[in-house]
Amino acid sequence: MPVVSASHKRQLAMLATLAPIPLLAHAQQADTPKPVPQVEVKGSGSDYDARRDDTAMKIVIGRQDLERYGDSNVLDVFRRIPGVTVTTTGRDTQVQMRGLGGGYTQVLVNSERMPSGYTLDALSPELIERIEVLRAQTAEYSAQGIAGTINIVLRRSVRKTQREAKLGYLASSDFQGPRASFDMADRGDKSSYAVAANAEHDSLSRPRVSTAEETVAPGGAVILRRSSAMPEDGRMNRFGFSPKFNWTLDGGDTLEWQTLLNGSRFSNHIHTLVSTETGSPPPVPDFVSAMEADYTALRSTLAWTHAFASGSMLEARVGLEGAAGRNLQVRSGNGIDGQPVTDDSVAAGLRERGITSTGKYTVKLDNGHALSVGWDGGVSRHRETRAERDTLRPLVPGVIPDEIFHVNLSRLALYGQDEWKLGAALSAYAGIRWEGLRTRASGNVFDATTIRSSVWSPLAQLLWKLPGAKAETGKARQLRVALSRTYKAPFLGNLLPRRQTYENNSPTEADFQGNPNLRPELAWGLDAAWEHYWTKEAMVSLGTSLRRIGNYTSNRVYFDGNRWVMTPVNEARAETRSVELETRFPLNTLIEGAPALDLRASVSRNWSRVDAIPGPDNRMEQQVPLSALLALDYRRGAWSMGGSFAFKEAVRARVAVDRWAYAWARRDLDAYVVWKAGPKLQWRVALANILGEDEGSAIAYLDGAGNLQKRRWDYPSGPKLRVTMESSF
């Protein structure tokens with residue numbers, strides 16, 4: 001009787017879940033039925049561990065980890081994933097693997113990119129089934145993940161009738177407000193459904209937001225020193241809704257329809273007062289701005305699965321997606337003499353519509369191969385408008401009152417991949433993916449332009465299980481190696497040659513303008529890891545990676561004769577290297593009779609170098625040099641509790657010949673307690689940022705006269721308390 005290898009258990013489990021009865025019926029109704037050999041699967045579903053058993057390098061974060069701290073958005077979950085860091089500056093958030101943000105880390109939802117303008121702080125963990133972190137690329141996903149790929153899988157499985165509601169409140173020095181979620185699921189003989197929803201409201205009050213700028217002459221004398229107070233008040237409302245339905249058809253096929261709807265509404269009021277200690281004051285030292293922003297994103301997907309009697313399977317999906325946004329800013333400012341000098345408004349609108357299609361055909365061959373071929377494509381139409389009016393002064397040169405942009409984006413990817421056993425201890429993965437992108441942009445402020453790019457991505461991974469493995473205990477030692485070709489396509493906003501202006505224009509607060517001549521960054525990557533499992537729940541891993549990146553993109557600052565402007569440009573080449581150490585284990589696997597304490601820890605060290613920029617510190621912008629994580633979880637009776645400590649080292653990077661970027665070090669201490677008050681009721685109390693760490697960043701610019709101009713931003717924060725009542729019924 002043949003035995004299925006560990007690399008095929010996941011596919012067999014998927015077939016059994018999707019259509020166990022229809023598959024049998026399909027085989028019986030075939031015109032020329034063939035005998036189907038019996039297959040024995042050793043081990044249960046709980047024995048399978050994607051981190052240990054898959055040939056591909058990845059880790060999976062399940063529902064238990066997603067719920068543990070009662071987080072209100074998925075970004076808070078990311079902060080506690082080994083090897084992943086999150087950097088927030090104001091309202092800008094970067095998700096980083098290998099310490100790299102800025103788009104080098106690819107984040108997908110159900111294996112696809114979300115529409116333009118989508119932010120992950122709108123996605124609640126209540127809508128998520130699991131999170132997959134791929135440290136090396138596979139052909140099934142887009143190759144736009146130079147640092148790695150994070151795939152967020154929405155709630156899909158329906159195993160039993162479920163009714164659950166959660167009601168909570170967040171209290172902190174800056175954000176406070178209620179939040180609620182609801183989860184309902186049921187299944188019948190041939191159909192099932194699940195509905196998850198969440199909503200939250202926050203009031204925002206940050207009285208201590210500030211900036212400071214300073215200019216130092218070559219001799220060390222301070223010729224300019226200013227400070228700004230920027231107290232901010234505002235409101236934020238978010239909601240999410242994700243229904244899912246499954247049907248098993250009479251012929252054995254299955255249909256799945258799933259929708260994700262997210263929305264947010266944000267408003268704030270900021271009063272900026274600039275105090276000048278040395279030097280001349282800015283043109284507008286007293287500035288008031290108020291903003292209202294709405295955003296809604298929708299994705300709806302219909303999936304069809306057909307399982308053949310031979311064991312092969314065809315999956316196809318078609319999806320509709322759209323996004324709509326509105327942003328209104330009203331700004332007024334007084335000059336040095338206290339008289340009004342500006343009174344303007346900027347109204348911007350965003351609309352995007354698109355259709356996507358993905359599919360995969362998988363066949364299992366007799367010699368142990370699992371071969372797949374597939375496609376991934378889509379078209380979208382993107383439209384933006386911007387209208388600016390000022391009743392007191394003319395607009396900035398290069399900015400017209402009414403701007404309209406149209407972008408048509410087409411993409412297509414074709415791929416093939418194979419996973420096979422080379423022996424009892426050796427398995428391999430090989431794949432190749434071709435991706436083509438075509439972007440056509442037009443508008444009333446620039447000539448129509450068409451940008452085309454295509455990338456071939458060969459990929460390979462190898463898993464070698466060293467002697468001494470014991471399946472019954474989970475003991476194993478193994479080596480992994482991966483080679484990949486990945487790329488990073490330019491952001492749409494970086495391609496469009498439009499101007500975004502700032503009130504007190506300077507080299508450290510320059511206007512931004514896109515560059516339609518940007519080319520994709522191309523990278524070769526090499527990954528290797530050694531893993532040791534001494535039980536099913538205990539492991540230690542040491543990994544290393546290397547990325548060599550061509551067409552590296554950095555930002556260049558220049559004076560155009562009227563204003564200071566920042567624009568993205570392609571440099572020659574960059575290189576990044578990383579070393580990661582990770583472990584997780586129950587304490588009783590090391591100390592007999594120890595309490596039920598689970599430990600998780602990781603350390604990541606990252607280096608990078610940009611060839612076109614002189615050193616020292618000529619590293620890739622925003623790369624975190626060192627990060628570490630330590631987490632403990634304890635269970636006893638009706639109580640469970642734990643805590644985590646995450647550390648990020650300060651960033652100091654020379655990002656151009658004449659410019660430097662900095663970010664503050666950060667230490668995040670979080671804790672939670674859960675009390676199961678009854679069979680259907682429990683209370684969760686969580687504390688985040690217990691140490692009250694602030695966020696901050698700075699830049700410096702060396703002008704042609706040798707003066708060093710510096711500017712810093714400080715965003716104070718404080719501890720956050722979340723209390724949640726969780727009830728099932």
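Analyst: Arg226 and Glu213 join their side chains in a salt bridge, at 3.4 Å from N to O; the term stands for a side-chain nitrogen of Lys or Arg within 4 Å of a carboxyl oxygen of Asp or Glu. Arg226 belongs to strand 11 (residues 222-229) and Glu213 to strand 10 (residues 210-216), so the pair ties together parts that are 13 residues apart in sequence. Strands here are DSSP runs of E with at least two residues, helices are runs of H or I with at least four, and both are numbered from the N terminus. Arg226 counts as buried at 13% relative accessibility, and Glu213 counts as buried at 12%. Buried means under 20% relative accessible area, exposed means over 50%, and partly exposed lies in between, with a 1.4 Å probe and protein chains only.

A word on the source: this is a predicted model, in which local features need pLDDT of at least 70 and side-chain atom pairs count only at pLDDT 80 or more, while totals for chains, interfaces and linings use all residues. Residues are numbered from 1 along each chain as its sequence is written, and side-chain values use heavy atoms, with hydrogens and water left out.

Strand 10 also supplies Glu214, whose side chain meets that of Lys710 in a salt bridge of 3.2 Å, N to O. Lys710 sits in strand 37 (residues 708-715), so this pair ties together parts that are 496 residues apart in sequence. Lys710 is partly exposed, with a relative accessible area of 33%.

Next comes Glu315, which forms a salt bridge with Lys360, their closest N and O atoms being 3.9 Å apart. This pair links distant parts of the chain, with Glu315 in strand 15 (residues 313-334) and Lys360 in strand 16 (residues 340-364), 45 residues apart. Lys360 is buried, its relative accessible area being 16%. Salt bridges that share partners also join Arg51, Arg98, Arg135, Arg480, Asp527, Glu531, Arg547, Glu580 and Glu582 into one network. The structure holds 68 salt bridges. As a general point, side chains of opposite charge can pair when their charged atoms come close.

Asp670 is buried, with a relative accessible area of 9%. Its side chain is joined to that of Arg80 by a polar contact of 3.0 Å, a polar contact being a pair of N or O atoms within 3.5 Å; within protein, one must be able to donate a hydrogen and the other to accept it, and residues adjacent in sequence count only if both atoms are side-chain atoms. A polar atom of the Asp670 side chain also lies 3.0 Å from the backbone nitrogen of Asn689. Neighbours within four places in sequence aside, Asp670 is in contact (heavy atoms within 4.5 Å) with residues including Tyr69, Gly642, Ser644, Leu687 and Ile690.

For a nonpolar counterpart, turn to Phe78. Phe78, Leu123 and Ile131 have the most contacts inside the largest nonpolar core, which has 41 residues. Such a core is a set of buried Ala, Val, Leu, Ile, Met, Phe, Trp, Tyr and Cys residues joined through side-chain atoms within 4.5 Å. Helix 5 gives this core its largest share, four residues. Residues up to four places away in sequence not counted, Phe78 touches Val84, Val86, Val95, Leu120, Ile131, Ile150 and Ile152.
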